[in-house]
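Hi,

Here is the model I said I would pass on.

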Amino acid sequence: MAYEQVSVKTPLGLRVLPFASLLLFLGTWQAVIDFGVVPNTMLASPTQVFKLFLVKLTDPNPDGAVLIRHAWTSVQEAFTGYILALLVGIPLGLLMGWFVVVEGLARPIFELIRPIPPIAWIPLTIFWFGIGITGKVFIIWVAGIVPCVINSFVGVRMTNPTLIQMARTYGASDWQIFRQICIPSALPMVFGALQIALAYCWTNLVGAELLAADNGLGYLITMGRRLALPDMVVLGMIMVGLTGVVIGVIIDYVEKRLLAGIRR
Amino acid sequence: MAKPIRSIANEVQMQVKEKRPFTILTVLKNRWFLYTVSITAFFLLWDTVAYRRVFGGGLARPQEVITQLGKMMVDTMAGKSLMGHVWASTHRILIGFSLASIVAVPLGLMMALNRYVNAFVRPVFDLLKPMPPIAWISIAILWFGIGEESKVFIIVVGTFVPCLLNAFNGVRLIEPQLYDVVRMLGGNRRDEIIQVCFPAAFPAIFAGLQISLSIAWTCVLAAELVSSRSGLGFIIIQGMTLSKPAQIIGGMLLIAVAAWGMSLLVSGLEKFLCPWKREVMSQ
């Protein structure tokens, strides 16, 4: 009896508290707008944002496209850059981890470029590619390739040396060791890069769109600021967060399916 | 128990490592030779591409970048010398970064140590976490105008998340055996927290600070690109408006140097403050 009481009592508070804090957060947000603590020109209340969300689903004004189209443009750009980053970054990182020559040739350049935040590439890409999709894909590619290379490199480097020595004892060639031991053992790290790279890509996409775009979620936010419509800014922010979460969940699912047989 | 001066097992392993791929190409396998080749090739390629004007006027030659950097050292732009602009960015980062870490790290520790704090803060944090810090720029400008406050605010928002998450996970991922040891030696909850939690979570906290730092650079740049009159972001956006690629690339290089220097500083601080950190990737 006493045991049951203890085990039930503690989680009850813990169960209520998250909802209480969320309600408190949203309630305060709504209240500061409704009671005029914060002027409506600076922040929109949750209900206003929700109303605008419903309107924006069908109404392309005042920024020229409906919400779904903005989101779709952003997702398209992010995915193109992301996939390209995976296609280049992962093989490069794997090869860098195993072959000394590849590492020696690629690493200095990589280390030179790595500390530059991808956002800093924006002015140059505008010069090179204009404000079309190519420039944004390039920035996202730069953002996504760094975690891909680092993770696959570290993954190969962390291969258990005993396995490599064993394979060598059995007369395996370098290429065989790389393909049959290093790559499989690096896979969990490589898949870890998928999520990290996605988060990087998504952040930098918003940055790229804030500066140079005529479409997309970042553009929605910028337009909201230019037209001094805080509800549009907040809607854009929420949509960016939401879309990011949805993509993250999808990648997570794919990752789980692909890694079904691999011990983590 | 004399320590072996030369471990035989290590000796064997070293030899095995030396016999890794490409032993035949003794000259070519030298790492430093390859590094030199790579850097030289990179700069040659860059120079050729710029000289042949593959991107039109959109790429400056390396020597032009250096000349431009030298010129910017002397000239002033928008009332500030080059070092003044570097300092403007660094200054913003230092303020935002310290504000965020002073609040976020203790909060993360508290969330990990107390379930009620966690239950209260977590939902709001999870709600705000997925929004990239750059998405806050517009609302920051609406709130604080285009002055310093909006930039510092964005840096705080951006660095808050990794600081808090790493402090939280750092405590959560402590090996339970360590607690058992303290308890077995007669320690109470306070001892557990002070003797185990803090020291063991330290490396994770510092890893979070490193991540925050690189995010802080991204944030400050984005904020400065959108609107500012000083800072490194201003230099590169100015280079774009004046269509001077040399200035843009010079600015990018300075950003790289500054970011690299700051992260070096943090890792130095980490080595100084927590020498017990285990090296994960020693080789």
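Glu111(A) is partly exposed, with a relative accessible area of 32%. Keep in mind throughout that this is a predicted model. The partner of Glu111(A) in a salt bridge is Arg107(A), with the closest N and O atoms 3.6 Å apart. Both residues sit in helix 4 of chain A, four residues apart, or about one turn of the helix. Arg107(A) is partly exposed too, at a relative accessible area of 27%.

Helix 4 of chain A also takes part in a link between distant parts of the chain: Glu103(A) is in helix 4 and Arg157(A) in helix 6, 54 residues apart. What about burial here, are the two ends buried or partly exposed? Glu103(A) counts as buried, at 1% relative accessibility, while Arg157(A) is partly exposed at 25%.

Arg61(B) and Asp47(B) form a salt bridge, the closest N and O atoms being 2.8 Å apart. Arg61(B) is in the loop between helix 2 (31-51) and helix 3 of chain B and Asp47(B) is in helix 2, so the pair ties together parts that are 14 residues apart in sequence. The relative accessible area is 21% for Arg61(B), which makes it partly exposed, and 19% for Asp47(B), which makes it buried.

Back in chain A, salt bridges that share partners join Glu103(A), Arg107(A), Glu111(A), Arg114(A) and Arg157(A) into one network. Over all chains, the search of the whole structure finds 15 salt bridges.

**A buried glutamate without a partner**

Glu209(A), in helix 8 of chain A, is buried yet has no salt bridge. Why does Lys136(A) not count as a partner? Lys136(A) carries the nearest side chain of opposite charge, but it is 5.3 Å away, and a salt bridge has to be within 4 Å, so the pair is left out. Lys136(A) is still in contact with Glu209(A), and beyond the neighbours within four places in sequence the other contacts include Ser74(A), Glu77(A), Asn215(A), Tyr219(A) and Thr222(A).

**Where the chains meet**

On to the interface. Chain A brings 60 residues to the contact and chain B brings 57. The area buried between them is about 5,600 Å², and carbon and sulfur atoms give 80% of that. Of the area that chain A buries against chain B, 11% comes from Phe127(A), Arg225(A) and Met237(A), more than from any other three residues.

How many salt bridges are there between chain A and chain B? The count is zero. For polar contacts across the interface, the rule finds four residue pairs. Helices of chain A that each supply at least two residues of the side touching chain B include helix 1 (2-34), helix 5 (122-129), helix 8 (174-211) and helix 10 (230-258). By type, the residues on that side of chain A divide into 43 nonpolar, eleven polar and six charged.

**Helix 10 of chain B**

Helix 10 of chain B, residues 232-241, is mostly covered, with seven of its ten residues buried. Those are Leu232(B), Gly233(B), Phe234(B), Ile235(B), Ile236(B), Ile237(B) and Gly239(B). Their cover includes helix 5 of chain A, along with helix 3 (62-74), helix 4 (82-113), helix 9 (189-226) and helix 11 (245-273) of chain B.

Most residues other than glycine have a negative phi. Two exceptions came up here. Ser243(B), which follows helix 10 of chain B, has a positive phi of about 40°. Ser243(B) is in the loop between helix 10 and helix 11 of chain B, and is partly exposed with a relative accessible area of 47%.

The other is Ala228(A), with a phi near 55°. Ala228(A) is found in the loop between helix 9 and helix 10 of chain A, and is partly exposed as well, at 46%.

Cheers

Definitions and conventions: Residues numbered from 1 in each chain as written. Chains lettered and ligands numbered in written order. Predicted model: local features only at pLDDT ≥ 70, side-chain atom pairs only at ≥ 80, totals over all residues. Heavy atoms only, no water. Contact = heavy atoms within 4.5 Å. Buried area = accessible area lost by both parts, 1.4 Å probe. Polar contact = N/O pair within 3.5 Å; in protein donor to acceptor, adjacent residues only side chain to side chain. Nonpolar A, V, L, I, M, F, W, Y, C, P; charged D, E, K, R; others polar. Buried < 20%, exposed > 50% of the residue type's maximum accessible area, 1.4 Å probe, protein only. Lys, Arg positive; Asp, Glu negative; His and termini not counted.
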